[in-house]
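Dear colleague,

Please find below the structure that I am handing over to you.

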Amino acid sequence: MRLKTIGLAAGLMLASTGLVSAQDMQAENYQLDGVQITVIPHPFLAEDELMTLRLVGQNSDALELFVPEGSGYAALAIAPDEGFVRNGVPVDSAIAISGLQDIATARASALEACDAARQTAQDCVIALEVAPR
């Protein structure tokens with residue numbers, strides 16, 4: 001799966017036509033402490049959820065909480081109907097997996113765990129990725 005950066009309005013329009021998936025929408029890339037962080041700002045995410053995800057890409061302490069081992073690949077999967085944070089607490093189905101050997105394994109592991117934990121029908125999606133440079 002290749003992430004592309006496209007304009008948000010264009011991405012929303014294309015996603016509504018089914019020509020691209022939510023994963024192809026505008027990705028935000030950050031570089032911090034020797035890693036590349038990619039945030040995928042899905043339309044279902046609330047502003048405070050997006051701010052939390054962006055903080056991981058901009059703050060060493062937030063990154064360390066997300067990737068405690070400090071190495072390897074990581075991914076965060078979220079159930080669209082459940083979101084990421086509710087009442088200031090991460091939801092049970094928001095699953096972060098870190099310390100893996102490649103991004104494909106990190107994505108697949110996070111999606112599998114999220115789908116197993118979700119209480120709603122809609123499949124989980126990746127909202128954040130971390131890759132060593």
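A disulfide is taken here as a pair of cysteine sulfur atoms within 2.5 Å. By this rule there is one disulfide, and it joins Cys114 to Cys124 with an S to S distance of 2.1 Å. The link of Cys114 and Cys124 is left-handed, with -80° about the S-S bond. It connects distant parts of the chain, ten residues apart: Cys114 belongs to helix α4 (residues 103–117), whereas Cys124 sits in the loop between α4 and β7 (125–132). Helices (H or I, at least four residues) and strands (E, at least two) are DSSP runs numbered from the N terminus. Both Cys114 and Cys124 are buried, where buried means under 20% relative accessible area, exposed over 50% and partly exposed in between (1.4 Å probe, protein chains only).

Please note that this is a predicted model, in which local features need pLDDT of at least 70 and side-chain atom pairs count only at pLDDT 80 or more, while totals for chains, interfaces and linings use all residues. Residues are numbered from 1 along each chain as its sequence is written, and side-chain values use heavy atoms, with hydrogens and water left out.

Strand β3 (residues 73–78) is mostly covered, with five of its six residues buried. Two strands pair if DSSP finds at least two bridges between them. β3 runs antiparallel to strand β6 (residues 95–100), joined by four bridges, and Ala75 stands opposite Ile97 of β6. With β7, β3 pairs in the antiparallel sense over five bridges; here Ala77 faces Ile126 as its opposite residue in β7.

A nonpolar core is a set of buried Ala, Val, Leu, Ile, Met, Phe, Trp, Tyr and Cys residues joined through side-chain atoms within 4.5 Å. The largest has 23 residues, of which Ile37, Leu128 and Val130 touch the most other members. Two or more residues each come from β1 (28–32), β2 (35–39), α2 (47–58), α3 (60–66), β3 and β7. Apart from this core lies another of ten residues, including Ile40, Ala75, Ile95 and Ala110. Beyond its neighbours within four places in sequence, Leu128 is in contact (heavy atoms within 4.5 Å) with residues including Ile37, Leu53, Phe66 and Ala75.

Finally, Ala94 lies in the loop between β5 (89–90) and β6. Ala94 counts as buried because its relative accessibility is 16%. Leaving aside neighbours within four places in sequence, Ala94 is in contact with Leu76, Ala77, Gly83 and Phe84.

Yours sincerely
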